[in-house]
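Let us walk through this structure one element at a time. Keep the sequence and the coordinates at hand.

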Amino acid sequence: MPRTNCKAKMTDACIRGVVEAIHASPTQAVVYIAGGASQALGMLMSIPGATNTVLEAVVPYSRMSMIQLLAQIPNQFCSQQTAVNMALLAYNRALKLSRPGAPVLGVGFTGALASTHPKLGDHRFHLSTRTSDRLWVSTVTLSKGLRTREQEDKVSSHLLLKAMASACKVPATFNSELTDSETVDECEQQFSEDQELEQIINGEICFKVYPFLNETQVFNEERKIILSGSFNPLHDGHLKLLEVATRYINKFLLSFTFDLFSTSVIF
């Protein structure tokens, strides 16, 4: 068997293992992609277990489709910021579609790969993943003329799956097939619980699920219960919430806040 075919078979087996691990994780995802990485969707959907992972996949390929998705005209359709915005929208969509309490993932991808007409600029793509406590973004610049469109799409698809695996906290050790001359620029931002709450207040994310403590969990005096709402006027439903919250305070020794809030928080 030729060496190249052997390598291809090894890569296919590695990709399959990564996708199976993604499907076996509890994370549920919404994926928004444009301009590349289309083979990743086929890989995700063709391997059994996709219903565990994929909540929705959207390809806003035309300019108008992307504008409607973002609810604005981006400064650049293929840019790092556009990928970040797509990932955030996908994350909020996943929150609404997922099982209650399940970890969710938003994926955004936008690319400018080889086309029927030569491109003046770089062949590149931008990829971002968003979870409750982490924003990750990567820009990859490919060597122009080295690959066909299909090959560039395959490379971007493999890297998208690798990013999803990382966000799902499963290993992905396959070769990305990038050359030494091709550049990868990555950055990551971690969010504290306070920052996540601030993101709810400013409308960046639509809600967050906080599980109640139970007897098997380690006591943490910093945990709190927050009742959200306008409370204007205060009615019997608010008082019932207060009664239930008080029971949890007594049981778990939690501190309690009964305050005005701009958006709902689900516990």
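At 1.5 Å a residue, the 18 residues of α5 should span 26 Å. The end C-alpha atoms of α5 are 26 Å apart, so expectation and model agree. The model is a predicted one.

What does α5 pack against? Its buried residues are T82, A83, V84, M86, A87, L88, A90, Y91, N92, A94 and L95. These buried residues pack against β1, β2 (54-58), α4, β3 (104-112), β4 (123-131) and β5 (134-142). An α-helix has 3.6 residues a turn, so residues three or four places apart point the same way.

Take one of those partners, α4. Helix α4 covers residues 63-70, and helix α5 covers residues 80-97. The two pack at an angle of about 60°, with their axes 10 Å apart. Angles from 65 to 115 degrees would count as roughly perpendicular, and those under 35 as roughly parallel. The pair α4 and α5 is therefore oblique. The crossing of α4 past α5 is left-handed. On the α4 side, M66, L69 and L70 make the contact.

The loop between α4 and α5 holds A71. Phi of A71 is positive, about 60°, although A71 is not a glycine. Most residues other than glycine have a negative phi. Is A71 buried or exposed? A71 has 69% relative accessibility, and the cut-off for exposed is over 50%, so A71 counts as exposed.

A37 has phi near 60°, and A37 is a residue other than glycine. A37 sits in the loop between β1 (28-34) and α2 (38-46). With a relative accessible area of 0%, A37 is buried, whereas A71 is exposed at 69%.

The axes of α2 and α6 come within 7 Å and cross at roughly 55°. That angle makes α2 oblique to α6. Here α2 passes α6 in a right-handed crossing. From α2, the contact uses S38, Q39, A40, M43 and L44. From α6, it uses E150, D153, K154, S157, H158, L160, L161 and M164. The residues of the contact of α2 with α6 divide into six nonpolar, four polar and three charged.

How does the length of α6 fit its residue count? Helix α6 runs over residues 149-167, which makes 19 residues. At 1.5 Å a residue these should span 27 Å, and the end C-alpha atoms are 27 Å apart, so the two agree. Just after α6 comes K169, with a positive phi of about 65°.

Now look at pairs that are separated along the chain. S46 belongs to helix α2. S46 is exposed, with a relative accessible area of 57%. A24 lies in helix α1 (residues 3-24). A24 counts as exposed, at 67% relative accessibility. A24 and V170 are 146 residues apart in sequence, yet their C-alpha atoms are 9.3 Å apart. N175 is in the loop between α6 and β6 (183-190). With a relative accessible area of 46%, N175 is partly exposed. The C-alpha atoms of N175 and C14 are separated by 9.0 Å, across 161 residues of chain.

Finally, step back to the whole protein. It has eight helices and eight strands. Of its 267 residues, 44% count as buried. Among contacts with a separation of 6 or more, 71% come from residues 24 or more positions apart.

Notes: Residues are numbered from 1 along each chain as its sequence is written. This is a predicted model: local features need pLDDT of at least 70, side-chain atom pairs count only at pLDDT 80 or more; totals for chains, interfaces and linings use all residues. Side-chain values use heavy atoms; hydrogens and water are left out. Axes are lines fitted to C-alpha atoms, for helices over the stretch in contact, and angles run from 0 to 180 degrees between N-to-C directions. Helices (H or I, at least four residues) and strands (E, at least two) are DSSP runs, numbered from the N terminus. Angles under 35 degrees count as roughly parallel, over 145 as roughly antiparallel, 65 to 115 as roughly perpendicular and the rest as oblique. A crossing is left-handed if the near helix is turned anticlockwise from the far one by less than a right angle, and right-handed if clockwise. Contact means heavy atoms within 4.5 Å. The expected span of a helix is 1.5 Å times one less than its number of residues. Buried means under 20% relative accessible area, exposed over 50%, partly exposed in between (1.4 Å probe, protein chains only). Ala, Val, Leu, Ile, Met, Phe, Trp, Tyr, Cys and Pro count as nonpolar, Asp, Glu, Lys and Arg as charged, and the others, Gly among them, as polar.
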